[in-house]
Amino acid sequence: MGISRFLAFAIYAHCLSFTWSFSFQNPASTAGGLVCVEENVERDVYSMMEWAFNACGVQKADGFQLTSNDGQDYEVYTEQDMPEGSPILFVPNEVIFASYKAVEEFGQILVEAENNGPLSPSQRPLFRVFVKILVEYEKGQSSPWYPWLNSTPRLYNTGAAMTNACFECLPPYAAQLALADRQNFINFQQTINLVAGSNLISQETLSNVKVLKWAYSAAVTRSTEWNGERLIAPMADMFNHGTETEAEISYDETGNCYVYASKNVPAGSPLRISLGDPTDPSKLFATYGFLDESSPTVFCKAVHLENEMEELGYKKSDLLFSKETGEISMKVYDVQLYAILQENDPDLAEEFFQAVMSSDEATKSQFHQQYWQYTKEALEEHVDGLLFDLEELSAKAMSYDTNTHPRVPVILQHNEFVKETFWKVKQNLLRSVL
């Protein structure tokens, strides 16, 4: 059944390619006017849905529904049972923003800006989507994509959208991630300004930081990565993140987008995709601007031990605290003990390092037994210190007026989530005996 529906979607897309230049026109193409990017502007999602389904060849399965409680945050869910593998949504290639298409469309102007700007190679695909959004923005209602542009959020809680006051209310790890997102935006801003003097984007737009931040945030939060490229498939960008996912997005060899059920989904369920590592909600918070409170774990926030993590070959996703129980992953103990040994006895540190590298669990266990009290005290100091900092940071956030600092609620939500987890870790350490 699923395969036949996918084939039907594909056949529809093939037929659509013969009529695209006619059916892809915006009815208000002569009205002019740019998308308003002020943060208090409500999204026009329902006009985008009409555009997508009636003019662009986007196809949805029976039961697909899009809903919102506040006109800002939307959720995709199903009104009918969806078997695993069944199609949910189809978006034809012609309507998709893609980094490789931007290179073909904008050519040498784009390439030269990338070569002369501060972008890393990994940032270039996203930058190309960012440029495409700006180009279509300048066309106003004459852009075929105007209904999609007008459906995007205006208020973002990402690191790039935060103010200095926001950063001052975040614990070190979240602040580090948010500042990194802001620096990425600055890199994009510096690079896009290298096209000044060309006909690609006007100086008025290049000097409008609000527009640049909106375009950057839209590119980051609405796009997905596929085979090294960045793509935005209108309507498919409406799926939210979930620790437990019900849907997956894929693209075929001609660039069409398919969303299908990744498991059996009962009627009334949300349809969510994965936007990143569910064990690191702070990373999702800084990048996408939401807090995933369903995350089962959090990174232990030991940013002061990043060198030790790297030397032992551990990733942040290895060093976890359980949200529900406060349980501490064994690799957290490894990194903390390794740091203690390096500071006090380099020879013992080297012996412990070799035990980790060779997966000598017996030797590791002996080290942990012998130096358990030191490890425990260091972890308690780390946990207590962060809990103290969180109280001060949240108190500072609560002193701000949410009318002028609209990101305060999500910052407080993030800090409370971390505090609750660390409090359970503290209780666990008080009870623990290795």
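Predicted model: local features only at pLDDT ≥ 70, side-chain atom pairs only at ≥ 80, totals over all residues.
Colleague: How are helices and strands assigned?

Modeller: They are DSSP runs, numbered from the N terminus: helices are H or I with at least four residues, strands are E with at least two. Two strands pair if DSSP finds at least two bridges between them.

Colleague: What holds the strands of a sheet together?

Modeller: Strands of a sheet pair through backbone hydrogen bonds, parallel or antiparallel.

Colleague: How many bridges join E4 and E10?

Modeller: Strand E4 (residues 87–91) and strand E10 (residues 257–261) share 4 bridges, in the antiparallel sense. Val91 stands opposite Cys257 in E10. Phe90 has Tyr258 of E10 as its bridge partner.

Colleague: And how many bridges join E9 and E10?

Modeller: That antiparallel pair has 5 bridges. Tyr251 has Cys257 in E10 as its bridge partner. The E9–E10 hairpin has 5 residues between the strands, and Gly255 takes a positive phi near 95° there.

Colleague: Is E10 mostly covered or uncovered?

Modeller: Buried means under 20% relative accessible area, exposed over 50%, partly exposed in between, with a 1.4 Å probe and protein chains only. E10 is mostly covered, with 4 of its 5 residues buried.

Colleague: What is the strand order in the sheet of 3 strands?

Modeller: This open, antiparallel sheet runs E5-E7-E6. Strand E5 (97–98) and strand E6 (224–226) are the edges; each has a single partner strand, so one side of each has no neighbour in the sheet. E6 and strand E7 (residues 229–232) run antiparallel, joined by 3 bridges. Trp226 stands opposite Glu229 in E7.

Colleague: Which helix packs on that sheet, touching E5 and E7?

Modeller: Contact means heavy atoms within 4.5 Å. Axes are lines fitted to C-alpha atoms, for helices over the stretch in contact; angles run from 0 to 180 degrees between N-to-C directions. Helix H5 (residues 124–138) touches E5 and E7, and its direction makes about 35° with that of E7. Helix H10 (residues 209–222) lies across E6 and E7, at about 100° to E7.

Methods. Residues numbered from 1 in each chain as written. Heavy atoms only, no water.
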